[in-house]
Amino acid sequence: MEALHPDVSEVVLSEQDIKDIVTRMGDAITADYKERNPLVVAVLKGAVVFTADIMRAIKCPIAVDFMAVSSYGDGVKSSGVVRIVKDLDTKIEGRDVLIVEDILDSGLTLSYLIRMLEARGANSVKVAAFLVKDVEGKKPAVHPEYVGAHVPDEFIVGYGLDFAERYRNLPYIGILKPEVYS
Ligand code: PRP
């Protein structure tokens, strides 16, 4: 087994845990979407690793497209308004859209995206979130149809998730040591 990264204090999900979760989610999505040729929409950048895995775990026809969004400065996470940096190439009118996200925190990014894609005339817009962060006293603005795992309110990195663009390539989900980011 690979040695733990020195900046990581604890592994929350191992590579094997991730494989098992992705298989389970892929089976559920396959059962729900067969014959519907859904458009899987990945939100860059964090979701790219999960997307590569989940699209291969879905055993019915799908199409894939990508979006990149960014927050409007500091106040944006609270307002939930996001700027589209890269839009979809695909027309989504009448399509069944499945947004895949690496982590749901406040849910504001997703709730904005869902409203926007619905307004474009999608037949349905659902969410597969690999992780949902459990924050005491706070409920996310969105309830994903597919959830991989719940994680504690810690600084989580790996499997696409970064701190200052680092650690996205760790093959597991881990907790970043506080001395690294404080
Ligand atoms: C992260 C994550 C989600 C969003 C979740 O992206 O990938 O898109 O934050 O937060 P929310 O539920 O509070 O809206 P980030 O802005 O860090 O960009 P990245 O994916 O490029 O790392």
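1. Starting with the end of α4: this helix is followed by Gly121, which has a positive phi, near 95°. Keep in mind that this is a predicted model.

2. The helix itself, α4, covers residues 108-119, so to speak a 12-residue run. From first C-alpha to last, α4 reaches 17 Å, close to the 16 Å expected at 1.5 Å a residue.

3. Which residues of α4 are buried? They are Leu110, Ser111, Leu113, Ile114, Met116 and Leu117. The general rule is that an α-helix has 3.6 residues a turn, so residues three or four places apart point the same way. The buried residues of α4 pack against β2 (39-44), β3 (63-71), β4 (82-86), β5 (96-104) and β6 (124-133).

4. On to the sheet. It is open, with six strands in the order β4-β3-β2-β5-β6-β7 and mixed pairing. β4 and β7 are the edge strands, each pairing on one side only. Twist from one strand to the next averages 30°.

5. Inside the sheet, β2 and β5 run parallel, paired over four bridges, and Val40 stands opposite Leu98 in β5. Two helices to look at here: α1 packs on the sheet through β5, β6 and β7, its direction making about 155° with that of β7, while the direction of α4 makes about 170° with that of β5.

6. Now the cores. The largest nonpolar core has 27 residues, and Phe130, Leu131 and Ile173 touch the most other members. Its largest share, six residues, comes from α1. Apart from this core lies another, of 22 residues, including Leu39, Val43, Val125 and Val132.

7. Ile173 is worth a click: beyond its neighbours within four places in sequence, its contacts include Val11, Leu13, Ile18, Phe130, Leu131 and Tyr159.

How values were computed. Residues are numbered from 1 along each chain as its sequence is written. This is a predicted model: local features need pLDDT of at least 70, side-chain atom pairs count only at pLDDT 80 or more; totals for chains, interfaces and linings use all residues. Side-chain values use heavy atoms; hydrogens and water are left out. The expected span of a helix is 1.5 Å times one less than its number of residues. Buried means under 20% relative accessible area, exposed over 50%, partly exposed in between (1.4 Å probe, protein chains only). Contact means heavy atoms within 4.5 Å. A nonpolar core is a set of buried Ala, Val, Leu, Ile, Met, Phe, Trp, Tyr and Cys residues joined through side-chain atoms within 4.5 Å. Two strands pair if DSSP finds at least two bridges between them. Axes are lines fitted to C-alpha atoms, for helices over the stretch in contact, and angles run from 0 to 180 degrees between N-to-C directions.
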